[in-house]
Amino acid sequence: MKQFQDELEPLLGKRGWLGKVLMEDGSMVELGTPRRLEIIYNTHMRTARAAGQWVRIERNKAALPYLRYGLGPSKEHRLQHV
């Protein structure tokens, strides 16, 4: 996470996504907080894992041609998912 943050902060700074910004209503908003960087990091990690899983699925589809949907560990599921 630290390496990711160290590499991402200069890129976000160049694009104006870091620092404090004055909003139209006069309030100050801080962009690029540690929490936001953590969310970006976790999103990238999940996306990379999902991409790797899809590559594995595509590689094995001749032997395993069907995918099966499984519910997650939530106690309550939306009707569309059940």
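A salt bridge is a side-chain nitrogen of Lys or Arg within 4 Å of a carboxyl oxygen of Asp or Glu. The legends below describe close-up views of a predicted model.

View 1. How accessible is lysine 2? Lysine 2 has a relative accessible area of 56%, and it is exposed. Aspartate 6 has 40%, and it is partly exposed.

View 2. Is arginine 35 buried or exposed? Arginine 35 is exposed, at a relative accessible area of 51%. The cut-off for exposed is over 50%. Glutamate 38 is partly exposed, at 33%.

**View 3. Lysine 61 pairs with glutamate 58 in a salt bridge.** Which atoms define the contact? They are the closest N and O atoms, and they lie 3.1 Å apart. Lysine 61 is partly exposed, with 46% relative accessibility. Glutamate 58 is also partly exposed, with 34% relative accessibility. How many salt bridges does the structure hold? It holds three.

**View 4. Val21, Met23 and Val29 make a nonpolar surface patch.** The patch has an area of about 190 Å². Where is methionine 23? Methionine 23 sits in the loop between strand E1 and strand E2. Strand E1 covers residues 19–22, and strand E2 covers residues 28–31. Methionine 23 is partly exposed, and its relative accessible area is 39%. Patch residues need over 30% relative accessible area, so methionine 23 clears that cut-off.

**View 5. Helices H1 and H2 pack against each other.** Two packed helices are described by the angle between their axes and the distance between the axes. For H1 and H2, the angle is about 110 degrees and the axes are 11 Å apart. H1 is therefore roughly perpendicular to H2. What is the handedness of the crossing? H1 passes H2 in a right-handed crossing.

**View 6. Tryptophan 54 belongs to helix H2.** Tryptophan 54 is partly exposed, at 45% relative accessibility. How far is its C-alpha atom from that of lysine 20? The two C-alpha atoms are separated by 39 Å. Along the chain, tryptophan 54 and lysine 20 are 34 residues apart.

**View 7. Tryptophan 17 lies in the loop between H1 and E1.** Tryptophan 17 is partly exposed, with a relative accessibility of 42%. Now look at leucine 31. Tryptophan 17 and leucine 31 are 14 residues apart along the chain. Their C-alpha atoms are separated by 5.8 Å.

Key: Residues are numbered from 1 along each chain as its sequence is written. This is a predicted model: local features need pLDDT of at least 70, side-chain atom pairs count only at pLDDT 80 or more; totals for chains, interfaces and linings use all residues. Side-chain values use heavy atoms; hydrogens and water are left out. Buried means under 20% relative accessible area, exposed over 50%, partly exposed in between (1.4 Å probe, protein chains only). Patches are made of residues with over 30% relative accessible area and no salt bridge: like charges are joined within 9 Å, nonpolar side chains (Val, Leu, Ile, Met, Phe, Trp, Tyr) within 5 Å. Accessible areas come from the Shrake-Rupley method with a 1.4 Å probe; for residues, only the protein chains shown count as cover. Helices (H or I, at least four residues) and strands (E, at least two) are DSSP runs, numbered from the N terminus. Axes are lines fitted to C-alpha atoms, for helices over the stretch in contact, and angles run from 0 to 180 degrees between N-to-C directions. Angles under 35 degrees count as roughly parallel, over 145 as roughly antiparallel, 65 to 115 as roughly perpendicular and the rest as oblique. A crossing is left-handed if the near helix is turned anticlockwise from the far one by less than a right angle, and right-handed if clockwise.
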